[in-house]
Amino acid sequence: MKKGLKLFSIGFCLSISIWGCQGNKNTEQDHFSLNSIEDLKTRQYAIEGQVLYENYCANCHQTDGTGLGQLIPPLKDADYLKEDVGRAIRIIKHGIKGEIIVNGKDYNKEMPANPGLTNLEIAEIATYIYAAFANQDKIIEVKEVRTYLEE
């Protein structure tokens, strides 16, 4: 009886381990793949940017960039994002107050500033956002961020 219980325990633990390592396949298929970025430096920026995005932005804009109903605008396929890279970079650093229109909808919720982010971190976040949510796999360089923030 002890041997049967031991085999059951081993089998149960093995089953749980295999199940736990499979992950959520639907999420992986539906989510943008950073591996599709061919340029190595751009991919590196995007990978670092994804981590920063998840720490600083995803709480409001959501992991998938869809925003939060009528409160927080989407980043995914957002005309507002695609229209002006400089504006997006300034908003990441300085935040924004007042009404904006994204994809024809009005939003008027303040986005707080992120004054502690370095130019490199902003470049990485912007590279990730534009790759993942605007289908533009181009790098946003630190010197671009510096220039946009000086405007």
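**Close-up views of a predicted model**

The protein chain has a mean pLDDT of 85, and 79% of its residues reach 70 or more; pLDDT is the predictor's confidence in each residue, from 0 to 100. This is a predicted model, in which local features need pLDDT of at least 70 and side-chain atom pairs count only at pLDDT 80 or more, while totals for chains, interfaces and linings use all residues. Residues are numbered from 1 along each chain as its sequence is written, and side-chain values use heavy atoms, with hydrogens and water left out.

**View 1. Residues 7–30.** Over residues 7–30 pLDDT stays under 50, and the model has one contact beyond four places in sequence for them. Contact means heavy atoms within 4.5 Å. Where pLDDT is low, the predicted coordinates should not be read in detail.

**View 2. Helices α3 and α7.** Helices (H or I, at least four residues) and strands (E, at least two) are DSSP runs, numbered from the N terminus. The axes of α3 (residues 40–56) and α7 come within 7 Å and cross at roughly 95 degrees. Axes are lines fitted to C-alpha atoms, for helices over the stretch in contact, and angles run from 0 to 180 degrees between N-to-C directions. Among the residues in contact are Tyr45 and Tyr53 of α3 and Tyr128 and Phe133 of α7. By class, this contact has 10 nonpolar, four polar and three charged residues. Ala, Val, Leu, Ile, Met, Phe, Trp, Tyr, Cys and Pro count as nonpolar, Asp, Glu, Lys and Arg as charged, and the others, Gly among them, as polar.

**View 3. Helices α7 and α8.** Helix α7 (residues 119–134) and helix α8 (residues 142–150) have axes that come within 8 Å and cross at roughly 105 degrees. α7 is therefore roughly perpendicular to α8. Asn119, Leu120, Ile122 and Ala123 of α7 make the contact with Val142, Val145, Arg146 and Leu149 of α8. Six of these residues are nonpolar, one is polar and one is charged.

**View 4. Helices α6 and α8.** The axes of α6 and α8 lie 9 Å apart, and the helices pack at an angle of about 80 degrees. The two are therefore roughly perpendicular to each other. Val145, Tyr148 and Leu149 in α8 meet six residues of α6, including Val85, Ile89 and His94. The contact has five nonpolar, two polar and two charged residues.

Notes:
Angles under 35 degrees count as roughly parallel, over 145 as roughly antiparallel, 65 to 115 as roughly perpendicular and the rest as oblique.
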